[in-house]
Amino acid sequence: MSAKPHPRVGLFVTCLVDAIRPQIGFAAIQLLEEAGCIVEVPAAQTCCGQPAFNSGDDADAAHLARQTIAAFEGLDHVVLPSGSCAATMVHGYPELLADDPDWAARARAFAARTHEITSFLVDVMGYRPQGRRLDASATYHDSCSGLRDLGVAAQPRAMLAEIEGLQMHGLEGNDVCCGFGGTFCVKYAPISNAIVTEKAEAIERSGADLLLAGDLGCLMNMAGKLHRRGAATRCFHTIEVLAGRADGPAIGEEA
Amino acid sequence: MSHPKPQPSFKARAGAALADPTLKLAIDRTTGTAERKRAAAVAAFPEFDAARARGKAIKDHVIAHLDHYLETFERNAIASGAKVHWAADDAEARAIVTRICLDAKARLVTRAKSMLGEEIGLPHALADAGIERVETDLAEHIIQLAGEAPSHIIWPAMHRTREQVAELFKAGHHPPPTADDPATMVQSARRELRAKFLGADIGISGANFLVADTGATCTVTNEGNAELTTTPPRIHIVTAGIEKLVPSTAHAFALLRLLVRSATGGELTQYTTFHCGPKRPGDADGPEEMHIVLVDNGRSRMLGDEFREMLRCIRCGACMNHCVVYRQIGGHAYGGTYPGPMGAVLTPVLDGLAGSRDLPHACTMNGRCAEVCPVGIPIPTLLRAWRVRSWREGLEPGVMRAGIGIWAMLARRPALYRLATRLALPVLRLFGRRGWIGSLPLAGGWTAHRDLPHPPGRSFMDQYRDQQAKKGAGQ
């Protein structure tokens, strides 16, 4: 539990949410405020640097790491609606800046106060949604970085269990990669397609109305495949449901 | 390198594999069973995490003191009556083994499955020297009949379905098997191989462990073919990588508990044999000569670079069984001796990064391989280390470098990045309809297979700034 009941939290909205689905950012602000946080959105944020980091371009990745650390200096916590961007900051930044005498300690301190949002809400703030209702069935995909690098698994499920009317369906292979992998999905498109096709088949077999996950990249990959296949499954970020914002258009649906 | 490089590119090989539904069926059968059995074995072994920590510590200790254990092993192996040879690379290893065979005037050699043997190109070298080679592992027998290389380090013929094996045996066995049920086919292979076992001049095996304090080499099989390969012939040759060392037999058993559960889900294999020197006076059987070829082939270089942790690998194959990419394309598409995640780390070491840069990139970095690795190798971290080298050495394609370059130029300038987003979103909205983009220039890799959600007209940051401005004005 946090020492402060009202910590100052910097929201790193992520480049994908910024450009593709702003409503996830607004859901994040709402939930963080409900949990008692004072939310700030530093203007100097762009991307966490993961495309450079995973391409082996350490110079650009380190530059973006320093830029992001500086932009969030002074805040109690840094929170992201993405396990993979959070993992880049928590594990990648200290690795990238390990040999930089001016930045190594700052990177470690920054990593220590950076969190994926669902784990932050539950583990740090002790938050549970109250009085939310959604009459639907849903299944949950564990995005890999959040699951394996940050231990995000029980927290989103614990909060979803509080939503009245929401029926959770199991997903076969829930912890198996969806085939997104950042630039992997365009560099090795046919392999990625084969992987996401199997994922889409499993999602369809779950019989759930909704697919939920904690990373927009994975969600865009799965939603895009489900739509191409003509499946009726609708896709939302977990926190859209938690914030009571799943009554509008799902990912890819027009308002 | 020893074997001729496969001509088509990685992407072409992967494409061919994806287009082969029989291959997919074979992969799913084997890796699916392996995954289930491993999960059950780990669930039934409550101290698995402790055993894994111990296994990792044993390997790290040996790697840190490799010189000491190599000398200890050599001394004890010689004391047991074996001859020890040192090979700096694959060519030296091939030359040593071939020389021993030629000096012994060997005509027929039996071989028990060894990935190190594949790594140094032993099958081709023996053929080039005019020596008949008989693979005695059932799966190796299958791929020898098919003229193929292994596609998995535990199940070399996993890319072949039972039905395809029946065809190979019909054509390759004399007389052919009378039926194609597994029991009849196994009987047929046994009949075919038995005469070779007894008539071989030399038996060649690998080693799962080299035990320093006894000088013994350890083989692990389920078929007993290693014992039949190493016992009847006059000469037994062991080829092993220097990372196979363990301090003692007890340490070998600590690792065996991890190896077998991770590989097949069993607690122990049917046959675990420690081969300690040639036949001694009074022994009922055994070879007259035992040779041990210790192979470096890039390993001592790994001691000093980013890939040191890969020397812990005990070759269980769990990483490939749990890899989403391997499970789509199988082993041959990787193009190296070792496929899957561990192969994507090792192939650039063995064959050079320039010809294999696709392997460390063809990975989603999902981390499942590291999660199941019985000796805790951080495979994604090692793959990323290859990506860093590839970027530094200028091996990445120009389009990728340019794309990352433009993106990074913008991302490093927040105000310019905002402006670019503001300009790009309305342009993106010109494509597609009813929420989805089905085709987009420069994004064919995405839209060939899936739709892209329509972006909103305005970014989060712009909407948020307006909201804050309104709030400010209202106060």
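In this predicted model, 50 residues of chain B are in contact with 55 residues of chain A. On the chain B side, the touching residues split into 28 nonpolar, 14 polar and 8 charged.

Now look at chain B itself. Its domain assignment lists domain 1 (10-301) and domain 2 (398-474). Taken over C-alpha atoms, the centres of domain 1 of chain B and domain 2 of chain B are separated by 53 Å.

Next comes a pair of helices in chain B. Helix α3 (residues 48-64) packs with helix α12 (residues 249-263). The angle is about 130°, and the axes are 9 Å apart. Angles of 65 to 115 degrees count as roughly perpendicular and those over 145 as roughly antiparallel, so α3(B) and α12(B) are oblique to each other. The crossing of α3(B) past α12(B) is left-handed. The table shows which residues make the contact.

| Helix | Contact residues |
|---|---|
| α3(B) | B:Ala51, B:Arg52, B:Arg54, B:Gly55, B:Ile58 |
| α12(B) | B:His251, B:Ala254, B:Leu255, B:Arg257, B:Leu258 |

The residues of this contact between α3(B) and α12(B) divide into 5 nonpolar, 2 polar and 3 charged.

Finally, turn to chain A. A:Phe26 sits in helix α2 (residues 22-34) of chain A. Is A:Phe26 buried or exposed? A:Phe26 has 20 C-beta neighbours inside 10 Å, so A:Phe26 counts as buried. The cut-off for buried is 20 or more. In sequence, A:Phe26 and A:Lys225 are 199 residues apart. In space, A:Phe26 and A:Lys225 are 26 Å apart, C-alpha to C-alpha.

Methods:
Residues numbered from 1 in each chain as written. Chains lettered and ligands numbered in written order. Predicted model: local features only at pLDDT ≥ 70, side-chain atom pairs only at ≥ 80, totals over all residues. Contact = placed C-beta atoms within 7 Å. Nonpolar A, V, L, I, M, F, W, Y, C, P; charged D, E, K, R; others polar. Domains from an automatic or database assignment. Axes fitted to C-alpha atoms, helices over the stretch in contact; angles between N-to-C directions. Helix = DSSP H or I, 4+ residues; strand = E, 2+ residues; numbered from the N terminus. Parallel < 35°, antiparallel > 145°, perpendicular 65-115°, else oblique. Left-handed = near helix turned anticlockwise from the far one by under 90°. Buried ≥ 20, exposed ≤ 12 C-beta atoms within 10 Å, placed from the backbone.
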